[in-house]
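Hello, and welcome to my notebook. I jotted down these entries while looking through a structure, one topic at a time.

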Amino acid sequence: MKQKLSWQNIIGMGFMVFAMFLGAGNLIFPPMAGQLAGTDTWYAAAGFLATGVGLPLLGIVAISRVGGGFNEISGEMPKALIVLLGTCIYLIIGPLYAVPRTALVSFEVGLLPFMPEAGELSQFIFSIVFFGISWYLCINPGKLLESVGKLITPALIILLIILGLAPIVEPLGTPGSATGAYTDTPFIKGFLEGYMTMDALAALMFGIVIITNLKSHGIEDKASLCRYSIITGFIAAIGLALVYISLFYLGATSREVAPDPENGGQILTLYVQELFGTAGTILLAAVVTLACVTTAIGCITAASEYFDEMLEKISYRTIVTVISLICVCFANMDLNEIIALFLPVLLLLYPISIALIFLGLIRDWLPNPLMSYRWTLSVAFLMSVLDILHTNDVAWLEPIMQLLSVIPGFDDHMLWVLPSVAVLLATIVLGLILPSSPDRQTPEDSV
């Protein structure tokens, strides 16, 4: 029997996924990119939308087609690598980087404007309250649709509409000339800035949250789970695209209001204060705090469910508690320190995740999936490692990098793209010639 979900629940689920993706980086990076891109804003925005919206949507589609979990989409990889890669992604998106960043941004934008003298103790207390609320809403993951999708997100969307329309109705300036890397390659620079949202990594995580919530509402068969996951993914993608476009335009018209900003958060704060005064400060604080809370809830829930499946002897509630406590610790570091610490990790994980998403989408058409997965992901990993070492000026690597410098994208952290595509095409040809590989591992065999 065909299982159905009401339109009210479909929209609520889409809002829930939108809110989980819309976090700290999603609000901070577009305004800064828009200001730097200037008259080339829309080229940069197109690149940003490719990684900030397109990849997450494709990730949700890929995950839903294989059943909703990271172990399912990575089943062709060796067991040890599945565990290692999955653990790294869930730790980075969870307690080590993305989630602590939500509390840091909430504190800086949501509290400091009203308490400029707040110090380390205030930040510590704020992080405890922030993650206490997140912990409470995470211990019942099947009810996230009611708590996030139907309650928190509508309020967030109303505030975002006000914030998004403001620079269009009453812009505070005009775009200037592009600066820095945006002068020559605005699309590629925007594409790389989209990495910082980490939404492609999050898509590999949130699939399990979407599936859990659909099952809690009576959707059990694979076809229905896939269909509703894709529908909710499209709703979330449309919402994210609209937010990014408005924030890019806000940044592009902000040079007179915020001439020398350190980050996009300052641009947002100064722009909104100029337009709305004190009311604008309150508006921005509410938007940022709600966005960060919903993202923290989604990331903690996804990471907890992943480790709950892996660590059978430890309860889900205990894992949520431990992750929340780790988040409190990292949330009391400096924001710039956290970003600098984990940037190389993102440059390593993102290419692998992008390759994994595309392999998941075409898996059914690969003549030898095992060979294609393992060789393509290995090359993406190797090229990413070489790129990171080159960025850090490793002397002994220079002869090798001189040979690789002829590859398009060498200077833009895109060294991995062409070799990975070439290897994928080669494995497809070989797969048509050589005998087929064994069937993929089952999720139970993978971990």
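In which helix do Glu193 and Lys189 both lie, and how many residues apart are they? I found both in helix H9 (residues 186-193), four residues apart, about one turn of the helix. Helices here are DSSP runs (H or I, at least four residues), numbered from the N terminus.

A note on what I was reading: this is a predicted model, where local features need pLDDT of at least 70 and side-chain atom pairs count only at pLDDT 80 or more, while totals for chains, interfaces and linings use all residues. Residues are numbered from 1 along each chain as its sequence is written, and side-chain values use heavy atoms, with hydrogens and water left out.

**Entry: salt bridges**

Glu193 and Lys189 form one of them, at 3.6 Å from N to O. I then looked up how accessible the partners are, where buried means under 20% relative accessible area, exposed over 50%, and partly exposed in between (1.4 Å probe, protein chains only). Glu193 is buried at 18%, whereas Lys189 is partly exposed at 27%.

Glu76 and Arg363 also meet through their side chains in a salt bridge, at 2.8 Å from N to O. Glu76 sits in the loop between helix H4 (70-73) and helix H5 (79-96), and Arg363 in the loop between helix H15 (335-362) and helix H16 (369-391), so this pair ties together parts that are 287 residues apart in sequence. I noted Glu76 as buried, with a relative accessible area of 1%.

**Entry: a charge without a partner**

Next I looked up Asp40, in the loop between helix H2 (24-37) and helix H3 (41-66). Asp40 is buried but has no salt bridge. Arg255 is the nearest side chain of opposite charge, 8.8 Å away; Lys and Arg count as positive and Asp and Glu as negative, with His and the chain ends not counted. Which residues does Asp40 touch, leaving out those up to four places away in sequence? I listed Ala178, Tyr182, Thr183 and Pro186, taking contact as heavy atoms within 4.5 Å.

**Entry: H3 against H9**

I checked how these two helices pack. The axes of H3 and H9 come within 6 Å and cross at roughly 35°. Axes are lines fitted to C-alpha atoms, for helices over the stretch in contact, with angles from 0 to 180 degrees between N-to-C directions. Among the residues that meet are Tyr43, Gly47 and Phe48 in H3, with Pro186, Phe191 and Glu193 in H9.

**Entry: the nonpolar core**

A nonpolar core is a set of buried Ala, Val, Leu, Ile, Met, Phe, Trp, Tyr and Cys residues joined through side-chain atoms within 4.5 Å. I found 147 residues in the largest one, where Leu27 and Phe70 touch the most other members. Helix H13 (residues 278-310) gives this core its largest share, 15 residues. Beyond four places in sequence, the contacts of Phe70 include Ile63, Leu204, Tyr306 and Leu356.

Pro367, Asn368 and Met371 are in contact with Gly431, once neighbours within four places in sequence are set aside.

Technical notes:
Salt bridge = Lys/Arg side-chain N within 4 Å of Asp/Glu carboxyl O.
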